Amino acid sequence: MNTIIKLIIFTIIYFFILLFISPVIDHFFSTLDQDKAIKESNLQILSEIILQLIVITTIWYFLHGFLSKYLEHILNVKM
């Protein structure tokens with residue numbers, strides 16, 4: 001298989017995993033409408049957004065460690 005095609009497959013797999021995992025993580029946090037309804041301050045809302053980004057980044061970091069080894073082995077591509 002051509003290296004370009006392997007890298008495209010690699011990228012598509014990463015994209016779809018992030019596409020499916022991000023909303024799951026998003027549902028662990030409250031919505032902006034809920035935050036406004038309970039009258040959270042802007043600082044509390046900002047801290048929740050930052051925490052959400054940290055959680056997504058951490059999960060993505062660990063997934064990258066697993067996926068890169070797994071996909072490199074299957075597709076015979078080096079990252």
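# Helix packing and surface features of a predicted model

Apart from neighbours within four places in sequence, glutamine 52 makes contact with Asp26 and Phe29. The model discussed here is a predicted one. Glutamine 52 belongs to helix α3, and its relative accessibility of 16% places this residue in the buried class, because buried means under 20%. The C-alpha atoms of glutamine 52 and phenylalanine 29 lie 7.5 Å apart in space, while 23 residues separate the pair in sequence.

## Helix α3

Helix α3 covers residues 42-75. With 34 residues at 1.5 Å a residue, α3 should span 50 Å, and the 46 Å between its end C-alpha atoms agrees with that expectation. The buried residues of α3 are Ile45, Glu48, Gln52, Leu67, Ser68, Leu71, Glu72 and Leu75. The cover over these buried positions includes α1 and α2. After α3 comes asparagine 76, which has a positive phi near 55°.

Glutamate 48 is another residue of helix α3. Its relative accessibility is 16%, so glutamate 48 counts as buried. When neighbours within four places in sequence are left aside, glutamate 48 is in contact with Phe29, Ser30, Asp35 and Glu40.

A polar atom of the serine 68 side chain lies 2.8 Å from the backbone oxygen of histidine 64.

Isoleucine 59 is likewise located in helix α3. Its relative accessible area of 34% makes isoleucine 59 partly exposed. Beyond neighbours within four places in sequence, isoleucine 59 is in contact with Ile21 and Ile25. Isoleucine 59 and leucine 18 are 41 residues apart in sequence, and their C-alpha atoms are 9.8 Å apart in space.

Helix α1 comprises residues 3-26, 24 residues in total, and reaches 34 Å from its first C-alpha to its last, close to the 34 Å expected at 1.5 Å a residue. Lys6, Phe10, Tyr14 and Ile25 are the buried residues of α1. Their cover includes α3. Ile25, one of these buried residues, is also one of the contacts of isoleucine 59.

A nonpolar patch on the surface is formed by Ile4, Ile8, Ile12, Phe15, Phe16, Leu19 and Phe20, which together have about 700 Å² of accessible area. An α-helix has 3.6 residues a turn, so residues three or four places apart point the same way. Isoleucine 4 is found in helix α1 and is exposed, with a relative accessible area of 54%. Isoleucine 8 has its place in helix α1 too, and counts as partly exposed at 45% relative accessibility.

## The loop between α2 and α3

Lysine 39 lies in the loop between α2, residues 32-37, and α3. Although lysine 39 is not a glycine, its phi is positive, at about 55°. With a relative accessibility of 72%, lysine 39 counts as exposed.

## Accessibility of individual residues

The table sets out the values for residues described above.

| Residue | Relative accessibility | Class |
|---|---|---|
| Glutamate 48 | 16% | buried |
| Glutamine 52 | 16% | buried |
| Isoleucine 59 | 34% | partly exposed |
| Isoleucine 8 | 45% | partly exposed |
| Isoleucine 4 | 54% | exposed |
| Lysine 39 | 72% | exposed |

Methods:
Residues are numbered from 1 along each chain as its sequence is written. This is a predicted model: local features need pLDDT of at least 70, side-chain atom pairs count only at pLDDT 80 or more; totals for chains, interfaces and linings use all residues. Side-chain values use heavy atoms; hydrogens and water are left out. Helices (H or I, at least four residues) and strands (E, at least two) are DSSP runs, numbered from the N terminus. The expected span of a helix is 1.5 Å times one less than its number of residues. Buried means under 20% relative accessible area, exposed over 50%, partly exposed in between (1.4 Å probe, protein chains only). Contact means heavy atoms within 4.5 Å. Patches are made of residues with over 30% relative accessible area and no salt bridge: like charges are joined within 9 Å, nonpolar side chains (Val, Leu, Ile, Met, Phe, Trp, Tyr) within 5 Å. Accessible areas come from the Shrake-Rupley method with a 1.4 Å probe; for residues, only the protein chains shown count as cover. A salt bridge is a side-chain nitrogen of Lys or Arg within 4 Å of a carboxyl oxygen of Asp or Glu. A polar contact is a pair of N or O atoms within 3.5 Å; within protein, one must be able to donate a hydrogen and the other to accept it, and residues adjacent in sequence count only if both atoms are side-chain atoms.
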